[in-house]
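Visitor: Please take one part of this model and examine it closely, then lead me onward from there. I am new to this structure and would value a connected account.

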Amino acid sequence: MGTSPGLSRRGLLASVAVVAAAPLLDACGSPKPRNEGTTSDTDLTRALPAYVPSSVVKPDIPVVAGANGASTDPAFLSYPANPPRTVTGTVGSGGSYATMTPLWGAIPPSSGNAYYDAVNKALGTTLKLQPADGNTYADLLPPLFAADKLPDWIDIPSWTTTKLNFGEAVATKFADLTPYLAGDKVKQYPNLAALSTNAWVSGVWNGKLYGLPIYSSNAVIAGAYFYRKDIFDKAGVSPEVKSIDDLEAIGKALTNAAAGQWAFDDLFGNDAGYICQVFDFPSTGYPWTLDPAGKLQHRYETDGIVEALNWHAKLVKAGYLHPDAVANNSKNAKQRFWSGKVAVCADGTGAWNGDDFKSGTAANPQYNRQAFKLFGAKPGDAKIQIGNGAAMFSYLNKKLSEAQIKELLSVANYLAAPYGSAEWLTVNFGVTGTHFTMTEGNPLLTEQGSKEIATTFQFLACPASATTVQSGATQVVKDYAAWQAEAVKHMVKPLFYGMNVTEPQQFSSLSQPMMDTITDVKLGRKPISAWTDAVANWRRQGGDDLRKFYDGIREKYGTGK
């Protein structure tokens, strides 16, 4: 996914990371001030790198500007025949560094890996890669922090920072990159300078820049409602959806239980969900809004979520959901969509790619995934929250010397070379003829490449996201780019947007009972009164205190809008 130019509005310049815990005690036993991670507008402005867009590679489908600083990702239909170089001269200076990154997939061999060797040779630096299971990655980090056994370069997803007391720990564990990258200093690393301002904001803690953004984008969307166009076409059903009434009509038209076909899979999701886009209530990433009196209101307290729960339960009662969805079984959801057992599903935007096309057409040669244009519960209500410019950052160990930090920043600059460049091809596909071949204008992994290559270097540094061809599915790129161009027109910035707020751990258990109740009510197992009771209990158990916490953030730093 890609990102594009544009300094964020003033509200973005308020990065906050507040981690609550018992106050530290000094030698006399009195409370000692904590580093909470808060950053003022002025300090954030000083810490952020300048933005210098790159024109080295031209996308086939250019970036389209949307509302409120949103923009589409650049899209490519084929790899440039003569990829330009973005880095000249020596990159590294022969150093050797231990790294740690997550990996959702099979971990490739570390020894005798020709891909690792090829990239390290190009870097002039040895990065000793230690990918770890992404599913358990969050649990691996706290012991490393506690024992002070962090590697030289590590990827830390934003969703793990609460467990790590990151606002306090970051200054003691990681190198301050402000002296190297702030303002025009980043220009000595052109590929890093080409990352948009949005990408860097959540890497700023306590007024200083620490994090290098991973997979940044100015079009971060939680997900969409996808439909099988081939099934719609065969049934003569229109995919034009402008309200929930239109979607209900589709439910009736495309459900035939006797034939083993249902219109819908789960359309709510869990606590995150995509249904918040339709019923206009906040997402889990930014759960707060303002009520008519201007007071903070949590997503759990909105009329929108009540309407969404009632509506989804209505679909279940009508028999429009696949029985496995009603049983809350999501393990085979993709297979249900590929096989045509359901015609409409909710999923993340990353589900719409060439690999999906390959799996879908294997099940049915006519398979055609599309996404509904954004719509509201009522016609004309379409809007969607824009997510953070990056949800992962990598950090350099504070124990590194200045020379080592500069070497690794040069390496990061190489790893951040844009899609379409010679460097990107090396980092992502290794050696031509060994790890990949060019097939119909795009790189395709060989058998050796499939065994040795995984997403590893990219979790240390990478360019802004781009939409690219996978498995020969050129039309998927065109379709996704067109949908994204429409979606960014409806982007809005939620309350506290761009602010690094890490909630106190005492509130971490509040959400699970709510998620359980959402499941019961959306599937018709319990009445809506169960939700009303759950919200009242949530407020008593800590929800009102959480509101006070955010009121304090709001009073000091505003709401990021």
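Guide: In helix α14, which spans residues 354-363, the residues G354, D356 and G360 are buried (under 20% relative accessible area, with a 1.4 Å probe and protein chains only; exposed is over 50%, partly exposed in between). Viewed along the axis of α14, these buried residues lie within an arc of 150°, taken from the directions from the helix axis to the C-beta atoms, so they line one face of the helix. The face turned away from that buried side carries K358 and A362, which are exposed. Helices (H or I, at least four residues) and strands (E, at least two) are DSSP runs, numbered from the N terminus.

The model is a predicted one, in which local features need pLDDT of at least 70 and side-chain atom pairs count only at pLDDT 80 or more, while totals for chains, interfaces and linings use all residues. Residues are numbered from 1 along each chain as its sequence is written, and side-chain values use heavy atoms, with hydrogens and water left out.

The sheet may be considered next. Four strands form an open sheet in the order β11-β14-β10-β15, and their pairing (at least two DSSP bridges between two strands) is mixed. At the edges stand β11 (262-264) and β15 (369-371), each with a single partner strand, so one side of each has no neighbour in the sheet. From one strand to the next, the twist averages 30°, as an angle on a scale from 0 to 180 degrees between the N-to-C directions of lines fitted to C-alpha atoms. The partner of β15 to consider here is β10, and the two pair in the antiparallel sense over three bridges. R228 has R369, in β15, as its bridge partner.

The loop that joins β9 (212-214) to β10 holds S216. Is this residue buried or exposed? With a relative accessibility of 1%, S216 counts as buried.
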